[in-house]
Amino acid sequence: MRTGTGGAPPPFPHGTWEPRPAERWEDAFLSGNGRHGALVFGDPDDDRVIVTHHTLVRPNGGEHARPPELAAGLPALQDRLLAGDLRAAEDFTDGRPLQWVQPFHPAFLTRLRRPDPHGGEHACRRSLDFTTGVAETSCADRRSRVFVSRADDVVVQYVTSPGPALDITLDHRLPGAPDGLRVGDGTVRTPEGAVLTLGARYPGSDRAFTGVTLAVVTGGRTTLTPPGVHVAGARSVLLLTRVERHTGEPPDTVARVQALRALLPAGEDPYTGLLRRHLRLHRTAYGRARLALDADDGERALPGSELLRRPASPALLERLFAAGRYHLLSASGMLPPRLTGLWTGDWDTAWSGAFTTDANLNLQTASAVAGALPEVVEAHAALVHGQLPHWRDNARAVFGARGAVAPPHTDGESGHTYHFSRAYPLHLWTAGADWLLKPLVDHDEARGERDPRLAAALAEVALFYEDFLTRTDARGRLVVVPSYSPENRPANPDASAGALNAAMDLSAARHALRTAAAYHPGPAADRWRALADRLPPHRVNDDGALAEWAWPGLDDRYDHRHLSHLYGVWPLEEINPYDTPDLAAAAHRALALRGTGNDSAHGHLHQALVAARLRDGERVAHALGRVLAGDFFHASLMSAHYPGRDVYNADAAHTLPALVVEALVQSAPGRLVLLPALPAAFPAGELRGVRTRFGAEVDLTWDAREARAVVRPARTCRIDLRTPSGARRLDLRAGEERVLTLRTRQPHHRSVPHLPPPMEGTPWHHAHRT
């Protein structure tokens, strides 16, 4: 194994590096444009890149699955649950076995092998520049660069000084590839070098995918060596690769090659031109927000794998924040990130590499609005709006209702609810549409415009609640029945997971109805607000905690990775320390009692996000510390689901930037909160480019004594400003920059603090902005 430190360093903290190639695909550096993805191993003698695409899901029966036709039995189920039969929901099924959604899988490797590999020790390194998306390997005089173009939707691999000889192949042989996969490949000489193709048809299906690679060889000689190409004496090799999933016959190869040729810029170096077009989009998006802490420059320069061994280092949090933004952007385009982002090197992807919408997708995209990544919001919107017809099918089939109900899992193709079981009755979950639409509402608030597509979707969710919320309790209040709190169940020995009045369902129904009313003033709005007002309040249990089920007699099961019952705290603002302090105290008690279940990364970070909303910096630091010290991150800086780097999963990587932002800056349409939950371990730093939901951009710097916030409003408004020093109203004028200076005194106890006294004598400055 070669070691050393050749090549220029990436721009810390906006990059990472390693002194040796990746031995596992989990450690490969990542690039992506939201459609294609690339995992780059960085071995100069066996230059391997795994190519992925968001559409690559393997048929498994899920492509034909539909929601269960259960609506006719719904009234009887409701009667039984209301009468006290807490196991009634276990029978509310059509008897099907658990059906997973179609699993996400990789396409193939592009492989450049040297027949005469370097011998001995060489100064080699691989690096990843987050600002460009370029993964680079440098060894002696050889240099390999890979990126996935956001402008041209192509995987670009460029090798200079490739050596006296190079063999190029497309290789489908990746872990878990099914034996019955029907693979065909081909090579053709072209004026610029060669074209390589690889097509694969799934076992027992007419569905397939095809990859085309155009090899542009400068100098030397190219010969066909099926299934690949042999290049001798070349000065450089440029590979352009695209993958397409299709049904029936493969796409026209000639047309695909012509499309790749059309990407080669005239009059300049092809690689330079391709990179230039890509950077206009990628660099602009990535650079909108950034974090800097009081970190040691020596630690900042460490390889990622070494820095991960220093979980208390501010340099690690800097780099993971930057990497999280980079990976989230790179995974988002035609669709938002999957459980594995946009990447996998194994056909047996955990949990099918699905979009899991009862926590994971929602956590991963949590920084999209505040973190100034509208590209992620647009990808999220594409998933939602593309599946609304299937959401209507779910509402009709399961509940006999108009409107829309979102599924708990989707492969990106089908939005039908068919993944459920007796233990996990996910088909009973009705809160998913509200959670999936929440970031789109936040985006509208931030930009000061209303998307008509979102308005229509909100109306459909409200129509569902009109039809579904028909049963009442003894006091005449509406009952959500059946009701499911993902993925928990009451502690009562006689209760199943399908219950009544889950706190999440109550919060989601109220929020969905009132939000739809805000988007649709008129008679419908009056009906929807009246319906929301008839929902029961949250319940506080005998432990003083906000109960996971508001229905009397249902007991809480505290040791669980999900925090569905605290949905009203985060991502909603229904429960907060300013407007509902008593409920906030009960929510904080519920958070304190919550265990961590199976120790999943998303559970820790979900707890931290709720703690940040409740202004508990100590609990934020504890949960963050569990993730940073739990060996959750691979050398690629992509994360795992469990400690010990067990199960490749993007939850921690993509959610961490959201936690940092929430601990430092929070916003709602009429409120700005500065330093609500600053961890003591990071006493000084700078966060720039935060977008607020009242239409302003905020830059924040802080140290142990004071903080300085620069607020740049795009529209005129009055907001409620909350800081560790106090509270006041603040008038903002569009285009007028406000500079705020405040003390950074923090509460020293873990209970939800009383509101601080009004700020007196705190200097407030403002300046006009031209």
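Visitor: At what angle do α15 and α16 pack?
Guide: In this predicted model, helix α15, residues 617-628, packs with helix α16, residues 651-664, at an angle of about 155°, and their axes lie 12 Å apart. Since an angle over 145 degrees counts as roughly antiparallel, α15 is roughly antiparallel to α16.

Visitor: And which residues of α15 and α16 meet?
Guide: From α15 there are V620, L624, V627 and L628, and they meet A652, L656, L659 and A663 in α16. Sorted by class, this contact of α15 with α16 has eight nonpolar residues, with no polar and no charged ones.

Visitor: What about α9 and α11, how far apart are their axes?
Guide: The axes of helix α9, residues 432-447, and helix α11, residues 503-519, are 11 Å apart, and the two helices pack at an angle of about 40°, which makes α9 oblique to α11. Their crossing is left-handed.

Visitor: Which residues make that contact?
Guide: On the α9 side they are D434, W435, K438, V441 and D444, while α11 brings M504, A508, H511, A512, T515 and Y519. Here the contact of α9 with α11 divides into six nonpolar, two polar and three charged residues.

Visitor: Switching topic, is α14 enclosed or open?
Guide: Helix α14 is largely enclosed by the rest of the structure, because 13 of its 13 residues are buried. From first C-alpha to last, α14 reaches 19 Å, close to the 18 Å expected at 1.5 Å a residue.

Visitor: What comes just after α14?
Guide: Just after α14 there is R615, which takes a positive phi of about 65°.

How values were computed
Residues are numbered from 1 along each chain as its sequence is written. This is a predicted model: local features need pLDDT of at least 70, side-chain atom pairs count only at pLDDT 80 or more; totals for chains, interfaces and linings use all residues. Side-chain values use heavy atoms; hydrogens and water are left out. Axes are lines fitted to C-alpha atoms, for helices over the stretch in contact, and angles run from 0 to 180 degrees between N-to-C directions. Helices (H or I, at least four residues) and strands (E, at least two) are DSSP runs, numbered from the N terminus. Angles under 35 degrees count as roughly parallel, over 145 as roughly antiparallel, 65 to 115 as roughly perpendicular and the rest as oblique. Contact means heavy atoms within 4.5 Å. Ala, Val, Leu, Ile, Met, Phe, Trp, Tyr, Cys and Pro count as nonpolar, Asp, Glu, Lys and Arg as charged, and the others, Gly among them, as polar. The expected span of a helix is 1.5 Å times one less than its number of residues. Buried means under 20% relative accessible area, exposed over 50%, partly exposed in between (1.4 Å probe, protein chains only). A crossing is left-handed if the near helix is turned anticlockwise from the far one by less than a right angle, and right-handed if clockwise.
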